[in-house]
Amino acid sequence: MYWSPSGLYEVIIHSKNESVSQMNYDLWAKKYDGDCSAFGYVVPQEVAKLCTKYVKNAETTTLLDVAAGTGELGTYLRKNEKFIGEIDILDANMEMLYLASKKNLRFRNIIRHWIKGEIPLPSNSYDVIASLGAFLPLHLPPSALQNLLTLTKIGGILIFNTRKTLSASYDEELTKVMNEIQENKRVEILEKKELILLPKVNAKPSVLYVCKKIKEL
Ligand SMILES: C[S@@+](CC[C@H](N)C(=O)[O-])C[C@H]1O[C@@H](n2cnc3c(N)ncnc32)[C@H](O)[C@@H]1O
């Protein structure tokens with residue numbers, strides 16, 4: 001039942017709790033890439049282009065893909081954008097990470113970590129951090145946005161997308177965190193664009209943000 005194109009994503013978001021959501025990813029992992037392409041999911045391609053638009057494509061450039069899943073962003077970075085920088089990927093799910101690890105994409109670090117609060121990585125260490133399809137209930141908490149900014153270098157780029165999730169409290173909390181970082185002038189929004197998440201199965205919109213980190217809190 002989890003694989004039905006129109007229902008799958010909703011099942012994962014509306015699982016009973018975080019453990020069940022992760023178990024659903026265990027089950028989905030092997031079908032994830034095929035389903036994404038069948039659903040017309042183009043966010044990783046789009047974000048790979050934005051990464052090379054905003055940061056130098058150099059061996060010393062560092063990128064962290066948060067909630068990287070099967071490493072789709074890495075695929076488009078290496079294959080389409082010919083990105084030569086260092087890529088670290090982080091996710092809570094071993095099945096998804098295992099498949100990412102098999103893709104021969106020269107990841108520097110593959111990190112298994114469930115993000116709840118602070119992330120055990122050095123502050124100000126990445127030129128670009130991307131997190132796609134993960135600001136959702138039972139996934140990343142809205143406060144993770146602040147933590148991801150802490151890991152981003154000043155002048156570095158944070159790219160993420162959000163969607164209306166049917167959980168009013170989650171959406172309100174995420175809006176609150178986004179307002180806070182903008183009011184504090186911690187970031188400058190370089191681009192904000194609407195994308196249809198899964199064009200071949202439904203027309204749910206998602207908003208993609210490209211932010212530049214201006215200063216620490
Ligand atoms: C919809 S998938 C997106 C994967 C990938 N970014 C993409 O766009 O194809 C969401 C991913 O977020 C991961 N995830 C969810 N909650 C997490 C958390 N709190 N910490 C780390 N990873 C999490 C899941 O394991 C899953 O691999």
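Which residues are the closest to the ligand? In this predicted model, local features need pLDDT of at least 70 and side-chain atom pairs count only at pLDDT 80 or more, whereas totals for chains, interfaces and linings use all residues. Residues are numbered from 1 along each chain as its sequence is written.

The ligand is surrounded by 18 residues, the closest being Ala67, Gly69, Asn93, Ile115 and Gly133; a residue is near a molecule if its C-beta atom, placed from the backbone, lies within 6 Å of it. Two or more residues of this shell come from each of helix H3 (43–54) and strand E4 (126–135). E4 gives the most, with three residues. Helices (H or I, at least four residues) and strands (E, at least two) are DSSP runs, numbered from the N terminus. By class, the shell holds 12 nonpolar, four polar and two charged residues, where Ala, Val, Leu, Ile, Met, Phe, Trp, Tyr, Cys and Pro count as nonpolar, Asp, Glu, Lys and Arg as charged, and the others, Gly among them, as polar.

Helix H2 (residues 18–39) packs with helix H5 (residues 94–101) at an angle of about 25°, and their axes are 8 Å apart. Axes are lines fitted to C-alpha atoms, for helices over the stretch in contact, with angles running from 0 to 180 degrees between N-to-C directions. H2 and H5 are therefore roughly parallel to each other, a term for angles under 35 degrees. Tyr25, Asp26, Ala29 and Tyr32 of H2 meet Glu95, Met96 and Leu99 of H5, contact requiring C-beta atoms, placed from the backbone, within 7 Å. This contact has five nonpolar, no polar and two charged residues.

In helix H6 (residues 144–151), the buried residues are Ala144, Leu145, Leu148, Leu149 and Leu151. A residue is buried if 20 or more other C-beta atoms lie within 10 Å of its own, exposed if 12 or fewer, and partly exposed in between. The axes of H6 and H7 cross at roughly 40° and come within 9 Å. Here Leu145, Gln146 and Leu149 of H6 meet Val177, Met178 and Ile181 of H7.

Leu217 lies in the segment after E7 and counts as exposed because it has 9 C-beta neighbours inside 10 Å. Leu217 and Leu149 are 68 residues apart in sequence and 9.5 Å apart in space, C-alpha to C-alpha.

Methods: Angles under 35 degrees count as roughly parallel, over 145 as roughly antiparallel, 65 to 115 as roughly perpendicular and the rest as oblique. Two residues are in contact if their C-beta atoms, placed from the backbone, lie within 7 Å.
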